Amino acid sequence: MIELQDVEKIYRTDRIETVALANVNLEIEAGEFVSIMGPSGCGKSTLLNLMGLLDVPSEGYVRLAGESVESYSDRRLSRLRNQRIGFVFQTFHLIADLSVVANVEIPLLYRRMRGRERRQRALAALEQVGLSSRVHHFPSQLSGGQQQRVAIARAIVGEPDVLLADEPTGNLDSSMGDEVMAMLHDLNNRAGTTIVMVTHDERLAGRTGRTLRLFDGRQVN
Amino acid sequence: MIRHMLQIVWNRKASNALIILEILVSFLVVFAVVAMAIFNWRNYHRPLGYAWEDVWQINFRIGDREFDAAERHAAANRTLERLLRELETMAPVVRAAAGHYPPYTRSSSSRNWDTSDGRDIFTEIIEATPEFFEVLDIRIVAGRGFEAADAAHPWQPVIVNRTLAADLFGEGEDPIGKTVDLGNMKSTETELRVVGMIDDYRKGGELAVPSNMMFEAVWLEPTRRPLSLLAIRLAPGTPAAFEEELSKRLNALAPEWSFSVRSLAAKRDAYLRLRLAPLLAAAVVAAFLILMVALGLVGVLWQNVTQRTLEVGLRRAKGATRPNIHWQILGEMLMIASLGLVLGTLVVVQVPLMGWLSFLDLSTFGLAFAVSVVVIYCLAAICSLYPSWLAARIQPAEALHYE
């Protein structure tokens, strides 16, 4: 599903050159649940950004479902992100001024879809994460766990092939974290969604199918 | 997407209050300036009713050797008659007349009649010798001009403009031969009978509001109070140097009087400068205000985009293209502008409802409103171009980690 070949990511300024990733080669099959671990600053989020087509590698190739994307235009990359990739972030990134259901609808805004269908699909996604009773609440009226569930609903509303989660439990207590992990496992098992999750938690990483470890921007296993 | 933007704008109305207020103030300023500009533009393009080119006005001060008023009036009218006669013998003078209130004059004489059917009709009155119409090329569109035989009538012949005719006798009615309903003044006034109608005589000049006008014929009889000025039409191309010759001749004819000669063209220039200067000043102040508002809007929107960096990153991650982000910021700004315009509309609609600025007719009001709305939308769009361009260029990977 996702393939990275000889990937390097270097951030350059006038004076400094920072190697964020070097010589990364990996392949993630469809339906896998992969965790990425490593100390802070080792390049985990950079790797996730490259997989999510939010950034481009300085060297090497990224392939998504067999498509080599290095020559893709912004429009085409955006369409791929919209249709094939879902994102979940540590700090949820919900829009405070929009209701729960309006937040979940966001990915569908960038598809040709009627408002009624958009709303139905958002409500279905919210039901899937157990938040049917909170659709008209605002993010500030929800607990952290509930907010992350809204973020997951937003990530899955477009039925993506891949879900990229950047420390999805990082801001939650252990019970809420377990709840979110159970949801991700359920998604992986039932819908066959490929999940790549960045985490610092060995316990959670242990519950994924494969763990990829990074150190100073390099794969260590 | 429009509904989504509306939701965002509505839910952020408190934080957008400053922008809404700026839009409201700008709209009111633009509306005032545009309404005045349209009002004056329309007035400028209305027919004047006369031709000012090649017309000179001669003001005079009557010497008062005579102590008795009746004798003074008789002597003055005799002199005026002689002056008119002599002026027409001068080569470049085509026609000469005497009267009150020439074009581009502020002073006026007016009357208010409470007619028998309870209407209140206001009109300005111009007294002039019959030749006044030829001097100023005022066209009689119905009936006739004043004639020498009119002096013998027991009634006062008058010539009215179209608006007064419509007010007096009704729209489309032929006023010729009809007697003016003097109402409350019936017992004291001489009967006024309409002998002719003109399109207009906009004494106040190109920028003046059209008004009811009535001309009363004057014959230089010894008993009447003398008229206040002479007007002459000159042959086209008469040089300004003729003024000297004219002054010498006038002084020779009436050495005890003092004269001042001025062309209507010069009066018109001075009048337009006087009337346009405050309008231009208001327009400059308004333009400056709008520039300030525009800079303010760009600043506020720029800050707004910076504050929304994370949101922009999120939208890009969720599939928004650069144009999507661009249009999102632009669209939201236009919606915010719409909120300001709704408030502005509520304010300006009070103008016709409350009867303020009654000189603004409904079409001027409507046009000024439409133009102001377009100006404000353009202003909002222009001001959001750069911030929306900045937002569209935000890199999603960086934006998602923006703090």
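A:Gly144 is found in helix 5 (residues 144-156) of chain A, where helices (H or I, at least four residues) and strands (E, at least two) are DSSP runs numbered from the N terminus. The structure is a predicted model, in which local features need pLDDT of at least 70, side-chain atom pairs count only at pLDDT 80 or more, and totals for chains, interfaces and linings use all residues. Residues are numbered from 1 along each chain as its sequence is written, chains are lettered from A and ligands numbered from 1 in the order in which they are written, and side-chain values use heavy atoms, with hydrogens and water left out.

With a relative accessible area of 24%, A:Gly144 is partly exposed; buried means under 20% relative accessible area, exposed over 50%, and partly exposed in between (1.4 Å probe, protein chains only). Not counting residues up to four places away in sequence, A:Gly144 touches A:Phe92, A:Leu172 and A:Met176, contact being heavy atoms within 4.5 Å. A:Ala191 lies 47 residues from A:Gly144 in sequence, and the two C-alpha atoms are 25 Å apart in space.

Elsewhere in chain A, helix 2 (residues 74-84) has A:Leu77, A:Ser78, A:Leu80, A:Arg81 and A:Asn82 among its buried residues. The packing partners of the buried residues of this helix come from both chains: strand 4 (59-64), strand 5 (67-68), strand 6 (85-89) and helix 3 (100-109) of chain A, together with helix 8 of chain B.

That last partner leads to the interface. The size of an interface is often given as the accessible area lost when the parts come together. Here, chain B and chain A bury about 2,300 Å² between them, 58% of it on carbon and sulfur atoms; buried area is the accessible area (1.4 Å probe) that two parts lose on being put together, summed over both. Chain B brings 25 residues to the contact and chain A brings 26 residues. Across the interface there are 10 residue pairs in polar contact, both residues at pLDDT 80 or more. A polar contact is a pair of N or O atoms within 3.5 Å; within protein, one must be able to donate a hydrogen and the other to accept it, and residues adjacent in sequence count only if both atoms are side-chain atoms. On the side of chain B that touches chain A, the elements giving two or more residues are helix 1 (2-11), helix 8 (309-317), helix 9 (322-348) and helix 12 (396-399) of chain B. Helix 8 of chain B supplies the largest share of that side, 6 residues.

Charged pairs also span the two chains. Side chains of opposite charge can pair when their charged atoms come close. A:Asp74 forms a salt bridge with B:Arg316, the closest N and O atoms being 2.6 Å apart. Within chain A, the side chains of A:Arg12 and A:Glu17 meet in a salt bridge (2.8 Å, N to O), and A:Arg12 counts as exposed because its relative accessibility is 55%.

Two salt bridges within chain B can be set beside these. B:Glu88 pairs with B:Arg95, with 2.9 Å between the closest N and O atoms; B:Glu88 is partly exposed at 31% relative accessibility, and B:Arg95 is partly exposed at 23%. B:Arg144 and B:Asp150 form a salt bridge with closest N and O atoms 2.8 Å apart. In this pair, B:Arg144 is partly exposed at 25% relative accessibility, whereas B:Asp150 is buried at 2%. Salt bridges that share partners also join A:Asp97, B:Arg12, B:Arg308, B:Glu311, B:Arg315 and B:Glu332 into one network.

Two further residues of chain B are buried. B:Asn161, in strand 6 (residues 156-161) of chain B, counts as buried because its relative accessibility is 0%. A polar atom of the B:Asn161 side chain lies 2.8 Å from the backbone oxygen of B:Ser211. B:Thr129 sits in the loop between strand 4 (120-128) and helix 4 (132-135) of chain B and is buried, with a relative accessible area of 3%. Leaving aside neighbours within four places in sequence, B:Thr129 is in contact with B:Ala97, B:Ala98, B:Val218, B:Leu220 and B:Leu227.

Note on methods:
A salt bridge is a side-chain nitrogen of Lys or Arg within 4 Å of a carboxyl oxygen of Asp or Glu.
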